[in-house]
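Work through the exercises below with the sequence and the model open. Each task is followed by a solution in steps.

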Amino acid sequence: MTHGGEPASAESFGPNGEQATEQTDVVVVGAGFAGLYMVHRLRGLNLTVTGFEAGDDVGGTWYWNRYPGARCDAESLAYSFSFSPELEQSWTWTERYASQPEILSYARHVADRFDLRRAFRFGRRVESASFDERAGRWLITSSAGDRVSARFCIMATGCLSVPQVPDIPGLDDFAGERYQASLWPHEPVSFAGKRVGVIGTGSSAIQAIPVIAAQAERVVVFQRTPNFSVPARNEPLDDAFVEAFKRHYREHRRLAREGKASGFGGLEAEPKEQGPAVESAREATDAELRRILEDYWDTGGARFIGALGDTLLDEQANEFVAEFVRDKIRSIVRDPATAERLCPRSHPIGTKRICVDTGYYETFNRDNVELVDLTETPIERVTGHGVRTADGERPLDMLILATGFDAMTGALRRIDIRGRDGRALADHWRDGPRAYLGLAVAGFPNLFTITGPGSPSVLSNMLVSIEQHVDWIADCLETMAGRGAERVEADPDAESRWVDHVNEVAAATLFPQAGSWYMGANVPGKPRVFMPYAAGVDPYREVCERVAAEGYEGFHFA
Ligand code: N01
């Protein structure tokens, strides 16, 4: 493997006549967990790799999202690589849900341990990738002027990596400190003695607000849509628990791969399947259902949403669970009017990503925290010194935008990706993303997307899905080498059938009822299509394995 490409041969031309200055076997875009493991596997195939990463170091989402309180909502022992038993035995997590700094340290440790950094060029954003039909190669260009010719281009660009900046009048007039949660500075930010405004109440804000409120003079939360949140019950990991868990690590990993223990709460040292307590809310009395929910609430974590097997399928079951959480909010928040404003009513629970918090609702009992309901008093504009809503201006020293991401497709669409005949991916995806298995796109040979749209991705433990995709891609490249094939491309019909299937699965759930980022609804003009594959990681993995076993059904090799 090389970290620099080799000098390009004279044939390496881009479609517009540009010439590559170097060549490599594979370009990998992104040095998050997906890019790191992809490089590791490619190295095992004896392929030369050139990686690009916009950040100055590895870590991806955990490099950028350093806002106060940032931590994972999957349990550390499960949100980690399984490919190396030595790695999983030697690394020690300190908390049930790891904080951002700890996960970033882990990513750095993995990069060092497997010598992955030297594959990457940091601080460079890939700007374009175009397939040169004649040469059968991709030409990849970067913000630093790189022009690399590669046989394969693998996008490890992340599902939530393009921040969404809201179009609020006057935003740029604000004279105080302004931060985007997902682009938090590397230097310490002090909240002491400051009046802090937070716009947004998704997972990021719900994690950050309690931490900021404990330090700031005053916090004003600008809420447009309340979200459902469940307690994390985070705690330090006990040595004896970790030791016992590690003794069974291989079995824990098997259950995770098969979607039987997702790691979204309630992991025990002994491996155990984690199915719903009842398949349907209709199987139990209301009192029994409440006892089940109480038990999941006490254990903590996002697996709460799976306590009843039909929460995301049946409106009545969903409303029962939603009302349970609303009652929790009413019991925690002392001011009844504030509690009601915090109660979500506009979407079924779980159809927007459930949030996992540490003391979020309790924070609204503090004297220094105010909730502004933007449905009652919308933002008129940001001024030089605060935010003006319909009921007046609130003076602020700091404004934090926790306004989400252009999810799933944003990172791919902002690169000018052109396949055969110069066709732009943005055009191919004009009405919503189209991809075969979320791995490959018809008309874009030798291009792979890790955890792309149409795969379980954001509905799963990302580390589990990343490893599955990387392994599948590596196996595919190995098969190609064995067959002497130079090119692999998804068949347009196979792609269409898969897209239809993904849509059918989503249509049978309550997911499409929410204006969520899963649906692209948070980005003006983005097509409303449910983007992840909602059938679960196990059925999905089986499809991918079957496709490979049947000679890569739906793919053309040339
Ligand atoms: O973003 P979001 P996020 N005026 O899109 C509001 C993952 N994640 O960064 O709902 C006022 O959920 C918007 O309001 P509305 C996780 O998958 C994981 O918080 O559009 N408000 C919403 O409240 C998560 O789901 C972890 O009405 C505006 C908020 O901004 C995903 O990332 C931690 C507005 C955006 O919420 C995204 O989470 C953090 C406007 N103009 C993130 N525009 C963990 O692992 C937007 N909003 C725990």
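**Exercise 1. The ligand and its polar contacts**

Task: Find how far an oxygen atom of the ligand is from an N or O atom in the side chain of Ser-204.

Solution: 
- Step 1. The model is a predicted one. In it, an N or O atom of the Ser-204 side chain and an oxygen atom of the ligand are 2.6 Å apart.

**Exercise 2. The shell around the ligand**

Task: State how many residues surround the ligand, which classes they belong to, and which element gives the most residues to the shell.

Solution: 
- Step 1. The ligand is surrounded by 24 residues. The closest are Thr-201, Ser-204, Gln-207, Arg-224 and Thr-225.
- Step 2. Sorted by class, the shell holds 10 nonpolar, nine polar and five charged residues.
- Step 3. Three residues come from helix 5, which gives the most to the shell.

**Exercise 3. Gln-207**

Solution: 

**Exercise 4. Positive phi in one loop**

Task: Examine phi at Thr-451 and Ser-457, and say where these residues lie.

Solution: 
- Step 1. Thr-451 is not a glycine, yet its phi is positive, at about 55°.
- Step 2. Ser-457, also a residue other than glycine, has a positive phi near 30°.
- Step 3. Thr-451 is in the loop between strand 19 (447–449) and helix 14 (462–483). Ser-457 lies in the loop between strand 19 and helix 14 as well.
- Step 4. Thr-451 counts as buried because its relative accessibility is 5%. Ser-457, at 0%, counts as buried too.

**Exercise 5. Cysteines**

Task: Give the number of disulfides in the whole structure, then check Cys-343 and Cys-544.

Solution: 
- Step 1. A search of the whole structure finds zero disulfides.
- Step 2. For Cys-343, the nearest cysteine sulfur belongs to Cys-355 and is 14 Å away. A disulfide needs two cysteine sulfur atoms within 2.5 Å, and Cys-343 is in none.
- Step 3. For Cys-544, the nearest cysteine sulfur is that of Cys-476, at 11 Å, and Cys-544 is in no disulfide.
- Step 4. Cys-343 is buried, with a relative accessible area of 3%. Cys-544 is buried at 0% relative accessibility.

**Exercise 6. Ser-280**

Task: Describe the surroundings of Ser-280 and its polar partner.

Solution: 
- Step 1. Ser-280 sits in the loop between helix 7 (249–257) and helix 8 (286–299).
- Step 2. Its relative accessibility is 15%, so Ser-280 counts as buried.
- Step 3. A polar side-chain atom of Ser-280 is 3.0 Å from the backbone nitrogen of Arg-282.
- Step 4. Leaving aside neighbours within four places in sequence, Ser-280 contacts Gly-309 and Asp-310.

Terms used. Residues are numbered from 1 along each chain as its sequence is written. This is a predicted model: local features need pLDDT of at least 70, side-chain atom pairs count only at pLDDT 80 or more; totals for chains, interfaces and linings use all residues. Side-chain values use heavy atoms; hydrogens and water are left out. A residue is near a molecule or strand if one of its heavy atoms lies within 4 Å of it. A polar contact is a pair of N or O atoms within 3.5 Å; within protein, one must be able to donate a hydrogen and the other to accept it, and residues adjacent in sequence count only if both atoms are side-chain atoms. Helices (H or I, at least four residues) and strands (E, at least two) are DSSP runs, numbered from the N terminus. Ala, Val, Leu, Ile, Met, Phe, Trp, Tyr, Cys and Pro count as nonpolar, Asp, Glu, Lys and Arg as charged, and the others, Gly among them, as polar. Buried means under 20% relative accessible area, exposed over 50%, partly exposed in between (1.4 Å probe, protein chains only). Contact means heavy atoms within 4.5 Å.
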